[in-house]
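Good morning, and thank you for coming.

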Amino acid sequence: MGSPPENWIDITGLKGCFSFVHRADPLGRIAEIREDNNYGWRHIRLPPRGGSVAPRGCRGPDSS
């Protein structure tokens, strides 16, 4: 049996604010009731400040 699928991003040395965007079925090949909800995003700060998950000082809807 092969290895399980995995996704990862190498963030070594990155600093600042970033938006992580993920999309499912970008070519529309899976039958779905709604085609307009195949993506999501999260704004992140690297490295985190003060151990907080919320990206203080980053612009965007997830900012605090």
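This is a predicted model: local features need pLDDT of at least 70, side-chain atom pairs count only at pLDDT 80 or more; totals for chains, interfaces and linings use all residues.

**A walk through the chain**

Phe-18 is found in strand β1, which covers residues 16–23; strands here are DSSP runs of E with at least two residues, helices are runs of H or I with at least four residues, and both are numbered from the N terminus. Residues are numbered from 1 along each chain as its sequence is written, and side-chain values use heavy atoms, with hydrogens and water left out.

Let me begin with the whole chain. Its secondary structure comes to zero helices and two strands. Of its 64 residues, 14% count as buried; buried means under 20% relative accessible area, exposed means over 50%, and partly exposed lies in between, with a 1.4 Å probe and protein chains only. The accessible surface comes to about 5,800 Å², and 56% of that belongs to carbon and sulfur atoms. These areas come from the Shrake-Rupley method with a 1.4 Å probe, and for residues only the protein chains shown count as cover. Among contacts between residues at least 6 apart in sequence, 29% join residues at least 24 apart, a contact being heavy atoms within 4.5 Å.

I return now to strand β1. Phe-18 counts as partly exposed because its relative accessibility is 30%. Phe-20 is found in strand β1 as well, and its value of 36% makes Phe-20 partly exposed too. Leaving aside residues up to four places away in sequence, Phe-20 touches Ile-9, Gly-40, Trp-41 and Arg-42. The C-alpha atoms of Phe-20 and His-43 are 6.2 Å apart in space, although the two residues are 23 apart in sequence.

What pair of aromatic rings does the model contain? A search of the whole structure finds one aromatic pair. The rings of Tyr-39 and Trp-41 have their centres 5.9 Å apart and their planes at 15 degrees, so this pair is stacked. By the rule used, rings of Phe, Tyr and Trp (its six-membered ring) pair if their centres lie within 6.5 Å; planes under 30 degrees apart are stacked, over 60 edge-to-face, and the rest tilted. Both partners are partly exposed, Tyr-39 at 47% and Trp-41 at 45%.

The search for salt bridges also finds one in the whole structure. Arg-34 and Asp-36 form it, with their closest N and O atoms 2.9 Å apart; the criterion is a side-chain nitrogen of Lys or Arg within 4 Å of a carboxyl oxygen of Asp or Glu. Arg-34 is partly exposed, at 47% relative accessibility.

Next, the backbone. Most residues other than glycine have a negative phi, and most peptide bonds are trans. Asp-25, in the loop between β1 and β2, has a positive phi near 55 degrees. At 16% relative accessibility, Asp-25 counts as buried. A cis peptide bond joins Leu-46 and Pro-47, with omega about -15 degrees. Pro-47 has its place in the segment after β2.

Is Cys-58 buried or exposed? With a relative accessible area of 4%, Cys-58 is buried. Cys-58 is found in the segment after β2, the strand of residues 39–46. Between the C-alpha atoms of Cys-58 and Cys-17 the separation is 5.7 Å, and the two residues are 41 apart along the chain.
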